[in-house]
Amino acid sequence: KQWYQRRVAITAGVPLTVTKKKSYETKKDLVSAIQACCDKYAHLYLIEVHNERNNLLKEIRESWKHSRIFLGRNKVMALSIGRTMESEYKKDLHKISKGLHGKRGLLFTNEKVEEVKEYFKSHKKLCFARS
């Protein structure tokens, strides 16, 4: 029991990991990047990622270089396109922000709707479970 108490006392004041929080400037840059994409691209899709492995996402990003994909920080993304009708950046974007939760993101592109749907329907890969 004494050994346990001493170990807790030693590790209590020392952080085991050192990570920096996202600054206000980083979040502000993300908001401006998303709003710039709203002006640049014709279509915006809400996408959901079931398998977040880096090599699969990298492959999709490589094949869609002409587009822009945003994943993570859903609250900041929702804030940038607008959560309500009064605060939305462009018309009807508040409807998309309601769906931003979980493992979802935004895809900005100028490709036709049929081409986007066809690519993502056909682009499914089976992955083995990690141990």
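Contact here means heavy atoms within 4.5 Å. The model is predicted, so local features need pLDDT of at least 70 and side-chain atom pairs count only at pLDDT 80 or more, while totals for chains, interfaces and linings use all residues. Residues are numbered from 1 along each chain as its sequence is written, and side-chain values use heavy atoms, without hydrogens and water.

In α2, K27, L30, V31, I34, Q35 and C38 meet V76, M77, S80 and I81 of α4. Helices are DSSP runs of H or I with at least four residues, strands are runs of E with at least two, and both are numbered from the N terminus.

Helix α2 spans residues 24–40 and helix α4 residues 74–81; their axes lie 9 Å apart at an angle of about 50 degrees.

The largest pocket holds about 590 Å³ of space. Among its 19 lining residues, E48, V49, I60, F120 and H123 are closest to the centre. A pocket is an open set of points on a 1 Å grid over the protein atoms alone where a 1.4 Å probe fits, with protein on both sides within 12 Å along at least five of seven lines; lining residues have an atom within 4 Å of a point.

Terms used:
Axes fitted to C-alpha atoms, helices over the stretch in contact; angles between N-to-C directions. Points joined across faces, edges and corners; volume = space filled by probe spheres on them.
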